[in-house]
Structures are given as C-alpha cells and as structure tokens.
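User: Please examine the two-chain model shown here and answer a series of questions about its architecture.

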Amino acid sequence: MSRLSTLWVWAVFAFMYLPIAMIALFSVNDSKIMSLPFSGFTLKWYAEVMGDGRLGGGFLTTLSVAFPVAICATLLGGLAALAISFYPMRGRGIFAVLLLAPFLIPKLILAVAQLIMFNETGVERSLLTVIAAQTVIVLPFSTLVIASVLIRIDRGLLEAAADLGASGLSAFRRVVLPLMANGLMASWVVAFVLSSAEYVLTAFVSGRAQPLSVLVASDFRFALSPSLNALAVMIVFGNIALVALAELIRRRASKTGA
Amino acid sequence: MSLRVGTLLAAPVTAFLLALCVAPLLILFAYSFFRVDFVAISYDPSFANYAKIAGSATYRGLILKAFGSGALVVAITAVIGYPVAWFLAKRAGAMKSALLTLLLVPLYSGDLVRVFAWRVLLGAEGVINRSLIWAGVTDAPIQGLLFSPLATHIALTYNYLPFMVIGLWLAFESLDDAWLEAAADLGARSPSRFARVTLPLTFPGLVAGGLMVFVMVVGDYLTPQLLGGASGITVISAINDLFGTAFDWPLGSAIAWTMLAILMAFFAVGAMLIRRSSLVGGS
C-alpha cells in the first residue's frame, strides 16, 4: 500500500515535469526536427532568440508593466492582508469574497467587462490599462503571500508595545512592519512573475505596445520550432528562479517571525 | 482595538476592486440587455439576448459542454490527487514542504508556455509522433493526439491538478489518524474505510479543491483554443468571438452573465456543503 502510493506520487510528479523537461531537452537539440534520436548539443536556438529585436522590445515592454504591477499589487495586497488577517474590521466576510472574486471569475469575462468599461468611459487602451487590469488579478495572490507571513506574528508583541507606551502607529512601524517586510518582498516577486506571464487579459486591454506574452502567443499559435522551445525555457526558468527566491524570503520570514 | 483600523486599511483596496472589477461587471450586466443595430449599440433594454441564448441549441450545448468538461476534470484530478494529498500529509515527513513547492512550481511557468509544451509533445510533428515513427511503431503520425478533446483534457488536468491536491492536502492535515485506526480495529477493509471514514472527513477539501478546478476549467480560454482544434470551440471562445469578429457585445455580455450566474450558484451550494460537513466533522 505504502510502496504503491510512493510510486503513484513519483508518477504524478513526473507527469507535472514532463512537458517542461521535453521542451528543455529539445531546445538544445541540434536539429529542426523535434524527435528522438538526439542529434547533438547546440545553443544556436538560444542565440536566435537573443538576437530577435522584436522579442527584445516585447521583453522591455513586459518589464515596464511588471514593475509597476508588482509595486501596486504589493501595496494594495499589504493593506488587504493587514485588514483581513491582523487588524479587526467590519464586513470581513464580504471583503474576503471581493478579494477572491478576480481569482474565481473567468479571466476572459473580466477582460471583456473591462474592455466595455474602458470603451464607455473613453479611456484609451495603453500600458496604463494593462497595469490596472493586471493588478486586479494579481491582488488575490499578493494578499495571500503577505497574509501567510502576518498570521504567524505573535499579537502579544503589539500588546507589549502598547504597554511600553507605543502608539498604534509607532507599534505598527517598529514592530509589525519589520516582521512583514519579508512577506512584502516575496509578494513583489510573485506579483512580478504572474504579471509577466499573464496573457488573456493583457491581450484585451493592451494598445499598440505589446508585451512579450502577447507577441509570443501569436508565434506559438502558428508554428513549432526549436527557437520557440528555447524562448519558452528561458521564460520558465526565469520565472522559477524568481519564485524560488520568493519562497526563500518567505521561509526566512517564518523562521525569524516564529 | 476598535474595528476602525481594519476597515480604514481595507478602504483603498475596496475602492480599487469596486472600480476595476465590480463596476466593469455591472456595466457588462447592463450591456446584456442592449442590442446591436447594424454597427451601433442600441440602448433599448430587453430580454432578447437571454431569450436567444435559451432558444439556441448551439449556446445551450456549449454551456452544457463547458460544465461537462469541468465535471470530468474535477473527477480525474480527484482520483489522481487523493493518494498524492494523503502521501503529502501523512507520509512525506521532512520532504513535505519541498514536495509542496515542487508541485506548485509548474504553475508559475505561465499558461501560454504550458500549452505550447503540450503542442510540442502531442503534435503531428511533435515529440511523441516523431519518436514513434522513428522507433517503427507506426508509419504515419497519430492524428488524434493533438487538436482533440483528449489533448484538451490532458492539458486541463495538468493545469489544475495542483489546486485539487492543495484542497485535499489541507483536509488530510486536519484528519486524525485515530479515526482510521479505530475503523481498522473494528474490522473495516480499506475500501470501506475510504468510503465511510476518509471520504466524509476530507469532503470539505474535496469540495473546495473541486470548486477551484471546476471554475478554472469552465473559464479556460487558451487550452481548448490552442489544443482542441475543431473541438476547441467553447462557450468562453464564443464570448471572445462575439466581442471580436462577430461584433455583438450585448449577446456576448448576456452569455458571460449567464455563465457568471450559474458559477455563483455552484459557489453558494459549495459553501453550504463545506459548512455543513465541517459541522459534522467537528462534532
């Protein structure tokens, strides 16, 4: 029973990593044809991607969206996390539902709804609308990351600070804020990754300047090629490295916070 | 501490979400009662769009198909996920947090890249077909692999399995092993232990994980679109078309709100089930 379940778990994890492993393998295979047997090792597909000016421009656009989204989502997520998991508030249940809504509503429906609103109010589609729209759907995740750090903070510390004569604000600044700092950093990284990977909403509300995900989507739709493998691998490993960094920061928080 | 601090902190977030999530959905709702006159929107409210949806076999079929896909993927992920969640909670020991992280990492690769990877694997020119031909198993590529409901459902299972596992894992974490030992001592065999002890006690996790998987499958646009081929037409892609080439925003809005209303009903039922079963589990 136990051996069988171990085997099952291994199989499931293999399934989860199979597609990523495959594109990684064929991104360094020296052949245009993606098939066994392997024809030798090459980095030329990576060189091809790096030399592509159109993708480079898209990457810069992605960065100029992801940085502000990560900041906005972390600020708003920090406020939301404090309200929902730390300080008492009125209407907590309704607030929680409101926060979860962007995660649960199909993205395409949210996208067309925002498209109508921008259209009706005469707001021109631009990178600003992309930033606003992405912040909405990243917010549930950034709130969750920050709240997961906040709930481990001992409330006794606040009472101790109050007993020592600290006002609410200075107790926050000198006790709570340092303890939640790691949560804020982790949230920033997670928000950055989610923003850069987002496609459906971005495609609907972006104007002339198109982020990498929108450019890549049209490439993916039409052709398979080893250089697209290389691009996908770079995106995946860039994201995974950032998420690993965020997880490390969050873990450090749980050690010092405990 | 007074209730004011939290309420004050929540205020900017509430304002932001009201402006960019609730307001657009309300405008979408209003649009669902308008109609298109040639190329302009006629702001003359009626139920015509909803009547059209109810009367159209195509739209009714697409909505049913979406919920069918959702139910199927929930069932598959539950069967795959139960042993994994149990293992993570009860057997993983020191490896637990590493395994949980490993489970979630593929989610961060982005839905576009994941769909692309499945195309590379399943396509007529893809890894599996080319390799089968090379190995001499078949002469011509197996066409049904990509651009089929099979491809769509493999990728949907892949995309949303982690959410099911997380829901079940949380339920297993709070499941006391003593219940299972007691059942075994009383002579229950393992299928009956699962059906009469494990399943009822982990039911809230199954409902929570199932709801997440269900909404995400129903709302998925990219996966059926890029992997399903002709079968990739879904109710969500129909909304997309009505907002794009077909230019009938009001009808698109009405379909979108029909879907939202049904999903909300599912959530209400799900929340009720979770509340009721956690009351039973707690007593």
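Analyst: The bend at a residue is the angle between axes fitted to the seven residues ending there and the seven starting there. Helices (H or I, at least four residues) and strands (E, at least two) are DSSP runs, numbered from the N terminus. This is a predicted model, in which local features need pLDDT of at least 70, side-chain atom pairs count only at pLDDT 80 or more, and totals for chains, interfaces and linings use all residues. Residues are numbered from 1 along each chain as its sequence is written, and chains are lettered from A and ligands numbered from 1 in the order in which they are written.

User: At which residue does the kink in α6(A) lie?
Analyst: The kink in α6(A) amounts to about 45 degrees. Its position is shortly before the proline A:Pro140, at A:Val138.

User: How many of the 24 residues of α6(A) are buried?
Analyst: A residue is buried if 20 or more other C-beta atoms lie within 10 Å of its own, exposed if 12 or fewer, and partly exposed in between, with C-beta atoms placed from the backbone. By this criterion α6(A) is mostly covered, and the number of its buried residues is 17.

User: How many helices does chain A have?
Analyst: The C-alpha atoms of chain A fill a box of roughly 70 × 60 × 35 Å along the principal axes, and 43% of its 258 residues count as buried. Chain A has zero strands, and its number of helices is 11.

User: Which element gives the most to the side of chain A that touches chain B?
Analyst: Two residues are in contact if their C-beta atoms, placed from the backbone, lie within 7 Å. On that basis 66 residues of chain A are in contact with 67 residues of chain B. The elements giving two or more residues to this side of chain A include α3 (53-85), α8 (168-197) and α11 (226-257). With 14 residues, the element that gives the most is α1(A).

User: How many nonpolar residues does the side of chain A that touches chain B have?
Analyst: Ala, Val, Leu, Ile, Met, Phe, Trp, Tyr, Cys and Pro count as nonpolar, Asp, Glu, Lys and Arg as charged, and the others, Gly among them, as polar. This side of chain A has seven polar and five charged residues, while its nonpolar residues number 54.

User: How many strands does chain B have?
Analyst: The C-alpha atoms of chain B fill a box of roughly 75 × 75 × 35 Å along the principal axes, and buried residues make up 42% of its 283 residues. Its secondary structure comprises 12 helices, and its strands number two.

User: Is B:Ser46 buried or exposed?
Analyst: B:Ser46 lies in the loop between β2 (40-42) and α2 (48-55) of chain B. Leaving aside neighbours within four places in sequence, B:Ser46 is in contact with B:Phe33 and B:Arg35. Because B:Ser46 has 12 C-beta neighbours inside 10 Å, it counts as exposed.

User: Why does B:Ala188 count as partly exposed?
Analyst: B:Ala188 is found in the loop between α8 (177-185) and α9 (190-219) of chain B. Not counting residues up to four places away in sequence, B:Ala188 touches B:Ala183, B:Arg193 and B:Arg196. B:Ala188 counts as partly exposed because its C-beta neighbours inside 10 Å number 16.
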